[in-house]
Amino acid sequence: MSRTVTLVLLDSAGRPLGALPPFGVPEPWWQEAGSIVAAVRQRHGLEVAVLRLLDADRPGPPGGHVRYLAQVVAARVAPLEPAVDALGVPLEPVAVDLAPHPLRQPWAEAGGPADSVAWATGELRRLGCRVTAVAQQRTWNLSAIWRLDTERGPTWLKQLPPFARHEPTVLAFPGATNSLIDGPVVLAADGEGRMLLADVPGADLYGAGARERAAVAAEHHAVQLRACGVVGELVAAGVPDLRGAGLAGWIRERLAGHDVSAAAGLLDGLDHRLRQVGDCGLPDTLVHGDLHPGNVRGDDGHRTVIDWADSFVGHPAFDILRLTEDVDADAAARLIDAWARRWRTDVPGSDPHRAVDLLRPVAPLRQAAVYAMFLAAIEPSEHPYHVHDVPAALARAAAVAVARA
C-alpha cells in the first residue's frame with residue numbers, strides 16, 4: 001500500500017500559494033513526512049516543511065489520497081513566485097482555511113517547524129556541535145520529529161503535545177547510577193514539549209519473535225523493579241498517576257461523551273475488578289504504556305526501549321499484556337509465565353497470573369480512553385487519525401471480558 005499526496009503550499013510568510021500536482025510516496029502511514037519532503041525536493045526543487053493534515057479520501061489511515069498543508073522553506077532552483085513552483089509547474093488555486101485553532105500544535109502552524117529547528121540548532125551549538133543537515137521525519141497530533149546531522153553523528157528533535165510532555169522527565173529521571181531507564185539520552189529539553197535526543201543505534205524491532213520479546217520483557221522487569229521505589233517521585237514530577245481505583249475514574253472521565261454501550265458491563269464492574277487486582281499484591285511502578293517491539297531499538301544484542309510518551313505510574317501487567325498482544329497463544333503464555341515467575345520471586349506471595357487475567361479486558365479499555373484523550377486534545381482535521389480507534393478498542397475490551405467470563 002502507498003499514499004498519494006497533495007501539498008497545499010504557504011510561502012515563507014505564511015500566505016497561501018496553491019497546490020502542487022498530486023504525487024505518490026511509498027509509506028502509507030499519514031504521519032510520515034520524510035518521503036513527502038524528499039519527493040518535493042526531487043520533483044520541484046523546493047524545500048518544504050509539512051505542517052498538518054487537511055483531509056483525505058478515506059475515513060482513516062493508512063493509504064489513500066491525503067492532502068497536507070506545507071510551508072516553503074526555500075526554493076532551491078529558482079525563487080518561488082505566486083502560483084508557480086521553482087521548476088515552473090503551475091500551482092492549482094485552492095481554498096484553505098488558515099484560521100487559528102485553540103488545539104493546534106505549535107509545529108502545525110506556519111513558522112512552527114522553523115522555530116523548533118532553530119531551538120535545536122542553538123542547543124547543539126551550545127553543546128559544541130554544528131548541524132550539517134536537517135530532515136523532517138514525521139508530523140501529526142502526537143509528535144513532530146526531525147533528524148539533525150552533526151559532525152559527531154545524528155541527533156533527533158522531538159516535539160510533544162501537552163498530554164505527552166512528561167516523556168523527557170521519564171527519560172532523564174535519576175536512578176541509582178545514571179538514569180532510571182536505559183532509554184534515549186536527553187541532550188536538551190525546553191519544558192514546552194521540545195526535546196533533543198542522542199541517537200540510538202540499531203533498528204526498530206518490528207516483527208520481533210518470542211525470543212527477542214522475552215529479552216525485552218526481562219530487561220524491562222529490571223526497570224520496573226527499580227521504579228517501584230520512586231512512584232511518588234515520578235508522580236510529583238508530572239508522570240500521569242493511574243494507580244488502583246484512580247484508573248477507573250480516569251477511564252470514565254475520558255470516555256464521557258462516547259458510546260460505551262459495548263463495554264458497559266465491564267465499566268460497571270471496573271472498580272470491583274481493580275480492587276481484586278490490588279489484592280494480587282503486585283506493586284505499582286513505571287509503565288511504558290505502549291511496549292511493542294516497534295518501540296524497541298536493537299543493535300548487536302543491546303536493546304533500548306524508546307517512545308515513553310504514553311508512560312504512566314500504574315500496574316506492571318499492562319506492559320506484558322501489550323508485549324504479547326500480537327503473538328500466538330502459546331508464545332504469549334510462555335512470555336507471561338516468565339514474567340510472573342520474576343514477580344513472584346521479587347514479591348513473594350503475589351499472584352501475577354491472576355492480575356494479568358483480571359487486567360486483560362482493562363488493557364484495551366484503557367487504550368480506548370487514551371484514544372478518547374487524543375481526540376479531546378486535537379483539532380478536528382486530525383480526528384481521522386484516531387476517531388475509529390475508540391469504538392474498536394471498546395469492542396476488543398468487551399470481547400475479552402466475555403471470553404474470560
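User: Which hand, left or right, does the crossing of α6 and α8 have?
Analyst: This is a predicted model, where local features need pLDDT of at least 70, side-chain atom pairs count only at pLDDT 80 or more, and totals for chains, interfaces and linings use all residues. Residues are numbered from 1 along each chain as its sequence is written, and side-chain values use heavy atoms, without hydrogens and water. With helices taken as DSSP runs of H or I of at least four residues and strands as E runs of at least two, numbered from the N terminus, and with a near helix turned from the far one by less than a right angle counted as left-handed if anticlockwise and right-handed if clockwise, the crossing of α6 and α8 is right-handed.

User: At what angle do α6 and α8 pack?
Analyst: In contact (heavy atoms within 4.5 Å) are L247, A248, I251 and R252 of α6 with L270, D271 and L274 of α8 (residues 270-279). This contact has five nonpolar, two charged and no polar residues, where Ala, Val, Leu, Ile, Met, Phe, Trp, Tyr, Cys and Pro count as nonpolar, Asp, Glu, Lys and Arg as charged, and the others, Gly among them, as polar. With axes fitted to C-alpha atoms over the stretch in contact and angles running from 0 to 180 degrees between N-to-C directions, the axes lie 9 Å apart, and the angle is about 145°.

User: Which hand does the crossing of α6 with α12 have?
Analyst: The axes of α6 (residues 245-255) and α12 (residues 362-376) come within 8 Å and cross at roughly 45°. On the α6 side the contact includes L247, W250, I251, R254 and L255, while α12 brings V362, L365, R366, A368, A369, V370, A372 and M373. By class these are eleven nonpolar and two charged residues, with no polar residue. In this crossing, α6 passes α12 in a way that is left-handed.

User: How much space lies in the largest cavity?
Analyst: On a 1 Å grid over the protein atoms alone, a cavity is a set of points where a 1.4 Å probe fits but cannot get out, and lining residues have an atom within 4 Å of a point; the structure holds three cavities of 30 Å³ or more. The largest is lined by 13 residues, with Q105, A108, N141, E379 and E382 nearest its centre, and β4 (46-56) and β6 (131-140) are the elements that give two or more residues to this lining. By class the lining has six nonpolar, three polar and four charged residues. Taking volume as the space filled by probe spheres set on grid points joined across faces, edges and corners, the largest cavity holds about 70 Å³.

User: Which element gives the most to the lining of the second largest cavity?
Analyst: This cavity has a volume of about 50 Å³, and the residues that line it are A217, H220, H221, Q224, L291, P316, D319, I320, L323 and W339. They divide into six nonpolar, three polar and one charged. Both α4 (210-227) and α9 (317-323) supply at least two residues, but the most, four residues, come from α4.

Conventions. 1 Å grid on protein atoms, 1.4 Å probe; cavity = no way out; pocket = protein on both sides within 12 Å on 5 of 7 lines; lining within 4 Å.
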